[in-house]
Amino acid sequence: MNSNFGQIDQNLATLQTRTPYSFQQKAEWYHAPSEKRVYSMEVNWEKKFQDPLYDLSSNQKPFVGLFPVMNQESYQFLQQQEIHTQTLEGAFNYYQILNATNHLNWSLGHQNISQSMFGRLDQMDSDQVFEEFQNDADFGFQDIYLGMTYKTKWKKMIISPSVFLHRYAWQDQQFGNELTHDKVIALPGFYSKWNIKSTKSLTYRFQTEANFMDIQKLAQGLVIQDYNSIFQGNRMLENGLFTTHTFNYNHFDMFSGLNFFGNVNWQRKRDEIITTTDFAGINRLLSALNVEPVNETLNGDLRVDKRYNRFKLAAGGRWNAFTTNLVLDERLIRNEQFSQTYDFKVTATFFKVLEVDLGYAFTANNYNSGALSNTFSTHSPEVEIDLDIYKGLKLNADYTYNSYLNQASGVRSDFEFLNAFLSYQEEKSPWEFRLSVWNILDTRSIRRDSFSENLISTFSYLVQPRYGMLTLKYDL
């Protein structure tokens, strides 16, 4: 691999290997002494092991501005890590039916997580000692909780509020120094469903969640993540608090042939643990931090379809909005992303043997980060046919044309795909013969875009060239 940034030209070779394993045991118990009382319990134990090995070779001195490295003709680093994780969790539930419309559920649970992390860095053909890359850390996390969920039915409404009281404690020990923390948090929740009619319903869910760190975000020893980035944990991390609101609407009517579905999801992440970035030329020092401004996500989608005698209309839309606060070079940066997709399809049947789908989709992704802004759009018309040729001989083919535009630079890219599938199966025969050909037009690459903490980018990546497959199938 070659990396070229201005006057810095590096020849790089990297190798990453790991041989992880995990064991898990689970036990469940259930008892119903009467029709109105149910006891249940479950216990889960899991042990995990990870040993990521990272081998980095370069003809140029790496990590300039981040860490001093002695001069050599070439550089090869070997980073070894071991991460052990053991989890034991259990919950006891008591479910009581108070009457026909009121139910009560009590939950008592405990979770215990133990982690240890060891790491070191060696440089081949060098006597330099990298003490800053040594890790010897232990992390313990305990959660004891008591929860109550109440469920009631009133006319066409189902209402179910809940609250769980958690006592969290965690310990972090590194190189003989131990830090301990504990806190009590009440996490409420709510569920309601309105059965408007037998064909219509509206559902609302509210959930709160405490999000905690793991040992890799706490470990103070440096860890190489890439040829130009190093990560260092933060022992002062606190938990984040996430709240999620979800609305779902369903309308399903077989008599009129009209179906309508929609949902909205809104999530707020308070004190979220984010990755901070400090630049030193092309190199980056990464760490973890609880960001104070709230990060938000708002998603929504709508689907509607209407069936007539010989054809069907379908349309939909998806919207995703993200607001993310990041820290770059100790400055708070606000990133915003808005993505929208609209699609429309007509399905028609001719002479009971030919079905044709005509569709069109439009996607636009808008990114804003400080003074940077860009929009990428894609137009995608498509057609698909499904033809019964003669007595078990069938043809299915689909074609999609894509026109991709980078609006800031005005660069446009067009690519298309054609696939075809021919199959034959006699009536009541267990044998099926199928010839499949993908990417008949032999398209070699497609365009995509992405948004990272400091970069809005569009890129091209290779796709599978034209290939075919002959399949013989026998149903037992």
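These legends describe close-up views of aromatic rings in a predicted model.

**View 1. The ring pair Y204 and F247.** A search of the whole structure finds 25 aromatic pairs. In one of them, Y204 and F247, the ring centres are 4.8 Å apart and the planes meet at 35°, so the pair is classed as tilted. Y204 belongs to strand β11 (residues 200-211) and F247 to strand β14 (residues 240-253), so the contact ties together parts that are 43 residues apart in sequence. Y204 is buried, at 18% relative accessibility, since the cut-off for buried is under 20%. F247 has a relative accessible area of 41% and is partly exposed.

**View 2. The ring pair F415 and F417.** The centres of these two rings lie 6.4 Å apart. Their planes are at 75°, so the arrangement is edge-to-face, as angles over 60 degrees are classed that way. F415 is buried, with 7% relative accessible area, whereas F417, at 22%, is partly exposed.

**View 3. A cluster of phenylalanine rings.** The residues shown are F63, F67, F77, F130 and F133. Ring pairs link these residues into a cluster.

**View 4. K269 and the ring of F242.** K269 lies over the face of F242. The distance to the ring centre is 5.4 Å.

**View 5. K306 and the ring of Y308.** Here the charged end of K306 sits over the ring of Y308. The separation from the centre of the Y308 ring is 5.5 Å.

How values were computed:
Residues are numbered from 1 along each chain as its sequence is written. This is a predicted model: local features need pLDDT of at least 70, side-chain atom pairs count only at pLDDT 80 or more; totals for chains, interfaces and linings use all residues. Side-chain values use heavy atoms; hydrogens and water are left out. Rings of Phe, Tyr and Trp (its six-membered ring) pair if their centres lie within 6.5 Å; planes under 30 degrees apart count as stacked, over 60 as edge-to-face and the rest as tilted. Helices (H or I, at least four residues) and strands (E, at least two) are DSSP runs, numbered from the N terminus. Buried means under 20% relative accessible area, exposed over 50%, partly exposed in between (1.4 Å probe, protein chains only). A charge sits over a ring if NZ of Lys or CZ of Arg is within 6 Å of the ring centre and within 35 degrees of the ring normal.
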